[in-house]
Amino acid sequence: MRKTQNKLFDRLAGIYDEKTASGLNKKLARDDNIFLNHSGIVLSPRDISRVKGGGLGEDGELDLIHKLEKNLVSFGMKYLGSSSSKKRVLDAGSGAGGSAILINRKLGYRIDGYTISKKQVLFANHAAKEYGVSDEVKFHCGNILDLAHVRNNIFDTIWACESTEHIPAMDLGPMFSEFSRVTKPSARMVVIAWTSRSGLHKDGERIKYAIDKHYITDIHSKNDYTRAAMTAGWQLKRAIDLTKKSLPYWEFRHKSRNATSSEKYFIKGYKNNSLSYTLFVFDKIPAEH
Ligand SMILES: C[S@@+](CC[C@H](N)C(=O)[O-])C[C@H]1O[C@@H](n2cnc3c(N)ncnc32)[C@H](O)[C@@H]1O
C-alpha cells in the first residue's frame, strides 16, 4: 500500500475512533445502541410533518434524527433481496455496526463488516453481542481496498453505505474489482453515496471541496461509479436519487441543538443541485463461458 494512503487511513480511522467515542452519533445511539454514521431520509408524510413542526425538546430532536437515519437502512435494504439465513453480506465500511445489525434483524443475513477504525470494531461487536446476533454479525478491522485474507467468491451481497466517498478516485476501480473477487457470480451490490455534480454545475467543485475537506472524502460523480463498477464486472441496475428525501434531514439537523456545522454544505448542494445523494444497485455481470 502507498505510504500516503497509510497516512490517510490513519487520519480517517482517528476521526471514526473519535466519533464512536463521543459526539452526535453516540447521543443518537443512546437508547438502542444502533450506532449509525450516515445521513437520513424522510419516507412518509408523518416524517415530513414531524420535521416541519417545531416544539421538540432535545430528546425529541435526537429521536427524530435517529429515526430518519434508520429510515435510510430500511429503504436501502429493500434492494438487497429476500430474507435468508444463508446469504452472506459484506458490509464495506461498516461504521460502528448499526446498519448491519438492523439488516440482520430484518433479513436474517450473515454479515461481515469491515472498517478501518478499531474503536468502531469494538463498539460494533459489543452491540452485536447485546442484540444476541454475534454469531451472525461480525466486525473486523480491515481495508476494503485490500481484503487479502478474504477468500474468493464467498459473499452474496455487498452493502456500502456512505463509505465509498472515502476511497480516492484512483482506487474506485480497484475497490470494485476487490468486491468482484470476494463475491459469488450472481452477486448484488448496493452502494449509497453522496454524488458530486462538479463539472455539471458551477458550484459543484466548491461544494465537493468543502465536504471533502470536512470529512476527508473524495466525492465521486454518478458516472465515476457507473464506469468504475462496469469495468470491474458490475452492471448498473438502478440509480435512485435520494436527494429530495435527504434534504429535510439536513435542514432539520441544521436547526437542531446538535447541529455539527457540516449541514450547510448539504443544504446548499442539494438545494442548488450541485450535489446529489444516490442509491446504486449493481448486479455482477455473468461470466462468459
Ligand atoms: C460515513 S461512515 C459510514 C459507516 C456505516 N456504513 C454507516 O452507514 O453507518 C464511513 C465508514 O467507512 C469506513 N472506511 C472508510 N474508508 C475505508 C476503507 N478503506 N476500508 C474500510 N473502511 C473504510 C470508515 O471507517 C467508516 O466506518
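Which orientation do H4 and H5 have to each other?

Analyst: This is a predicted model: local features need pLDDT of at least 70, side-chain atom pairs count only at pLDDT 80 or more, and totals for chains, interfaces and linings use all residues. Residue numbers start from 1 along each chain, as its sequence is written.

Helices here are DSSP runs of H or I, at least four residues, numbered from the N terminus; strands are runs of E, at least two. Two packed helices are described by the angle between their axes and the distance between the axes.

H4 covers residues 58–77, and packs against H5 at about 50°, with axes 10 Å apart. Each axis is a line fitted to C-alpha atoms over the stretch in contact, and angles run from 0 to 180 degrees between N-to-C directions. H4 and H5 are therefore oblique to each other. Under 35 degrees counts as roughly parallel, over 145 as roughly antiparallel, 65 to 115 as roughly perpendicular, and the rest as oblique.

The H4–H5 crossing is right-handed: the near helix is turned clockwise from the far one by less than a right angle.

Now the contact. H4 brings Lys70, Val73 and Met77; H5 brings Ser99, Leu102, Ile103, Lys106 and Leu107. Contact requires C-beta atoms, placed from the backbone, within 7 Å. By class, this contact has five nonpolar, one polar and two charged residues. Ala, Val, Leu, Ile, Met, Phe, Trp, Tyr, Cys and Pro count as nonpolar, Asp, Glu, Lys and Arg as charged, the others, Gly among them, as polar.

H5 (98–107) also supplies at least two residues of the shell around the ligand, as do H1 (3–21) and S2. That shell divides into eight nonpolar, 13 polar and one charged.

Notes: Two residues are in contact if their C-beta atoms, placed from the backbone, lie within 7 Å.
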